[in-house]
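Subject: Structure for you to look at

Hi,

Here is the structure I promised to pass on.

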Amino acid sequence: MDITLIEKQFREMVSNQVKLKPEGVNRFRVFTPFQFEDGDCLSIVLKQTVAGWFLSDEGHTYMHLSYDIGIRDIEKGTRQKVIAGALTYFDIQDNNGELLIKIQENQFGNAFYSFIQGLLKITDITYLSRERVRSTFMEDFKIFVTTEIPKERLKFDYFDPSHDPEGKYLVDCRVNGMQKPLFIYAISNDDKCRDVTISLLQFEKWGLLYRSVAIFEDQENINRKVLARFSDVMEKQFSSLSSNKDRIKKFFTEVIV
Amino acid sequence: MADILNDQDIENLLKEEKHAAVSVDVFFSQMREKKAHREADIIVPRPDGSYFKVILRQNSINPLDFSAILGIVVKGSNQLIKLRRYNGKSHEHKNKLEAEQFYDFHIHHATERYQNIGYKEELYAIPTERYANLRDALKCLAQDCNIMFPGSNQMELF
């Protein structure tokens, strides 16, 4: 095995696919082999402004992400943290959605290398799909509840057989063995929050006796109006599971006799 | 609906009549500025609880960077399956299976063969000269995917 030959191939494979194409005065389209997962390559421009030379994505990266993820979802939670970390680490500026890196002291190669790494890191947030986030939260919720409350007292996905034989108004977890059962809900998004509000209003109509508690994945992500209506009918709320485990345990101890 | 859309499923979904609730002009007027691009989406519900989504994206810095997209969200999911995407000319595209590469306006197509290998459904794309701006791209999308906007003459609406 000729390591030198392999090394040469590696270099050629990457560097030969980097090209510049003039697009006006002091402006060049930069072609690279690096792609999004749909076969589209990163969109990069090398341009000179009054402040110097910059590599820019001209807003393409966020726009491309917006095909799959709402911009609001990019600006909060884990995705926002991943993006903020990448921007800081690779010294990339976010100018109202345009990602830029300034070329310092004619170090075009270094800036290019950092910019590519930063953009690829940011595009990786597509793997943090909503489905995956939601399923992890529900798993965490079930593990937590089954750890803290005796299993024989729990009934997951409970519905009232006399009023709701089709199971339209599900309770994530019902705790039995008290004068009033405790209905526990795990809330991960606006839709779930609305559904639970409707369920509790229906339970009120039916005259069910119960206590209720909601555990949010991240309450800050819930629409204010949706949360306001929800708060009218939900007895007790915890803004997140991960940062409130001790408080939730204390609450369980107090209400589950 | 199956996890993988076969080519017949895709063809049937493209042919299905889709009646948008708003006119083309209203659709464009709904575009809002977000992070260096403008965007608007409309929903076309289906009887089974699933829905089509028509998406417009226009880059605010580069006028040649835009997208008109038709996707479907099946009942019980929040994942958009993109059936067609009419892209501008702001980046190269590579078709992995065909080893093709081009820098041009291009149309992404959902295909069964790419899904079977585990790639994104709309990875395959074809270069096109049918449009050069977002409005014309939407016109092509509407023609190819049977999307009706309010009005008597579909072509005059654009």
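A quick definition before we start: a nonpolar core is a set of buried Ala, Val, Leu, Ile, Met, Phe, Trp, Tyr and Cys residues joined through side-chain atoms within 4.5 Å. Please also keep in mind that this is a predicted model.

Let's begin with the cores. The largest nonpolar core has 37 residues, and the members that touch the most others are B:F27, B:L70, B:L83, B:Y86, B:L138, B:L141 and B:F149. Several elements of chain B give two or more residues to this core: the helices α1 (7-15), α2 (24-29) and α4 (134-145), along with the strands β3 (37-45), β4 (51-59), β5 (66-73) and β6 (81-87). Of these, α4(B) gives the most, with seven residues. There is also a second, separate core of 25 residues, and A:I44, A:L65, A:A86 and A:L87 are among its members. In soluble globular proteins, nonpolar side chains tend to be buried together.

If you ignore its neighbours within four places in sequence, B:L141 is in contact with B:V54, B:A68, B:I69, B:L70, B:R84, B:Y86 and B:I147.

Now for the place where the chains meet. Here 35 residues of chain A are in contact with 35 residues of chain B. About 2,800 Å² is buried between the two chains, and carbon and sulfur atoms give 49% of that area. On the chain A side, A:D38, A:M63 and A:Y67 lose the most area to chain B, together 22% of what that side buries.

There are five salt bridges between chain A and chain B. One you can look up pairs B:R85 with A:D40, whose closest N and O atoms are 2.6 Å apart. Across the interface, 23 residue pairs are in polar contact. In chain A, β1 (19-22), β2 (27-31), α2 (60-65) and α6 (130-148) each give two or more residues to the side that touches chain B, and α2(A) gives the most, with four. That side divides into 15 charged, 12 polar and eight nonpolar residues.

The side chains of A:T61 and A:D57 are joined by a polar contact of 2.6 Å. Leaving out residues up to four places away in sequence, A:T61 touches A:F36, A:L99, A:L119, A:I122 and A:T123.

Cheers

Definitions and conventions: Residues are numbered from 1 along each chain as its sequence is written. Chains are lettered from A and ligands numbered from 1 in the order in which they are written. This is a predicted model: local features need pLDDT of at least 70, side-chain atom pairs count only at pLDDT 80 or more; totals for chains, interfaces and linings use all residues. Side-chain values use heavy atoms; hydrogens and water are left out. Buried means under 20% relative accessible area, exposed over 50%, partly exposed in between (1.4 Å probe, protein chains only). Contact means heavy atoms within 4.5 Å. Buried area is the accessible area (1.4 Å probe) that two parts lose on being put together, summed over both. A salt bridge is a side-chain nitrogen of Lys or Arg within 4 Å of a carboxyl oxygen of Asp or Glu. A polar contact is a pair of N or O atoms within 3.5 Å; within protein, one must be able to donate a hydrogen and the other to accept it, and residues adjacent in sequence count only if both atoms are side-chain atoms. Ala, Val, Leu, Ile, Met, Phe, Trp, Tyr, Cys and Pro count as nonpolar, Asp, Glu, Lys and Arg as charged, and the others, Gly among them, as polar.
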